[in-house]
Amino acid sequence: MTHTVASCHRLLDVVGHVESDPRVQVVYTVAPDVFNHQVNQLLDRLGALVLPWQQAVRERFDLGLAAAHGGLHQVHAPLLLMAHGAGRSKRVRSGPDAGPAPTDRPVYGLDAQRLTHDGRVLPAALALCHDSEVEVLRRQCPEAVGAAVVVGDPCVDRLVASLARRPDYRRALGLGEQQELVVVASTWGPDGSFGRWPDLLPQVMTQLPADRYRVAALLHPAIWAAHGHRQVRAWLRGCLDAGLLLPEPTEDWRAPLVAADHVIGDHGSVTAYAAAVGRRTLVLPTPEPAPAPGTPQHLLALHAPRLDPHQPLLPQLARTGEVDRAAVTGALTARPGDAALLLRRTMYRLLQLTEPDRPPRTDPVPVPRSGHRDTDPSG
């Protein structure tokens, strides 16, 4: 069940562990979500077999995979539910105009509102990244504890598997040997770097010497969906003309992250993953309240070097060192390197099939298409 481009990327990390089995036929459907723009195009590009949602909810399946919550109660299948980002760190908002969420609000994705329907626990297996999430679940939705399976984080494991391909990613992005890549990452919403500091990217492009630095922007797919591709490119036209690398939201964001030397990020998942693989990370001021305690986003909010967007960037960049990589990784995953094994075991259990003898693979992410420059002649 592909709700958004972001959740689709997480499903693609996982579905490969079963789709090569001749006993298994994988079909996709685009689930209801306000940000499901471009999911059909991504699935078409992948050559996936796609069922319309209205047909999918009438059929019965042996296993359902999802990394978001919309419409799950309509699906007839044992459900494996995953997070689509770096754990579960955000607080539930009570409404669209509720403002900052106080710290006594539930952690999103581990709450009864998302995990149950009409008194029924929706997932047959709830994939968690960390044992600490089990304790949050026990407080917020104790009836779902029996479905919890701590599997670690498949995204972390793929990033680690991709580190050896860093030179390939850098060549594909057109980086010179002496150039440093600065990645500016933004989650979606008014508190993301793109929403809160709209002048940040132009400042970065202006202040960093072009012969030494290249800049890439990793914008959450929901930003593109909420504003439209043409509008996002229009806002960034000056930056694109100056050489900004701007991957499409359907492309895998992890190759530029591995290729990066520096990451400027917010409270989103990309910043946490960057710190976990040793990128020198500057964090923009975190909105109130801080992310849920114990999460990697909370750890970065407390300990990562802060970027002051009102001060010159170059001296701040020069002073940046690595965040405590082991601590961030430890907050991201309690099962480093084992996500593929544990997720595959869970899927075959739900499918009621014997698991293949061969060990599952954790592949590096693909080498990106060259350039990532905007080529839209319509302006």
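**The cores**

Select L181, Y273, L300 and L332: they have the most contacts inside the largest nonpolar core, which has 33 residues. A nonpolar core is a set of buried Ala, Val, Leu, Ile, Met, Phe, Trp, Tyr and Cys residues joined through side-chain atoms within 4.5 Å. Buried means under 20% relative accessible area, with a 1.4 Å probe and protein chains only.

This is a predicted model: local features need pLDDT of at least 70, side-chain atom pairs count only at pLDDT 80 or more, and totals for chains, interfaces and linings use all residues. Numbering starts from 1 along each chain as its sequence is written, and side-chain values use heavy atoms, leaving out hydrogens and water.

Helices (H or I, at least four residues) and strands (E, at least two) are DSSP runs, numbered from the N terminus.

Zoom in on L332. Its contacts (heavy atoms within 4.5 Å) include A86, C129, H130, Y273 and P296, not counting residues up to four places away in sequence. A second, separate core of 28 residues includes V14, Y28, L43 and V151.

**Strand β8**

Select residues 213-219. Seven of the seven residues of β8 are buried, so the strand is largely enclosed by the rest of the structure. Y213, V215, A217 and L219 point one way, and R214, A216 and L218 the other. In a regular strand, side chains alternate between the two faces of the sheet.

Pick V184: its bridge partner in β8 is A217.

**The largest cavity**

Which residues line the largest cavity? Select R10, M82, A83, A127, L128, C129, V151, G152, P154 and L343. The space inside is about 60 Å³. This lining divides into eight nonpolar residues, one polar and one charged.

**The second largest pocket**

Finish at Q25, V26, V27, F61 and L63, which lie nearest the centre of the second largest pocket among its 26 lining residues. Elements giving two or more residues to this lining are α1 (5-19), α3 (53-56) and β1 (64-66).

On a 1 Å grid over the protein atoms alone, a cavity is a set of points where a 1.4 Å probe fits but cannot get out; a pocket is an open set with protein on both sides within 12 Å along at least five of seven lines; lining residues have an atom within 4 Å of a point.

Notes: Buried < 20%, exposed > 50% of the residue type's maximum accessible area, 1.4 Å probe, protein only. Pairing = 2+ DSSP bridges. Points joined across faces, edges and corners; volume = space filled by probe spheres on them. Nonpolar A, V, L, I, M, F, W, Y, C, P; charged D, E, K, R; others polar.
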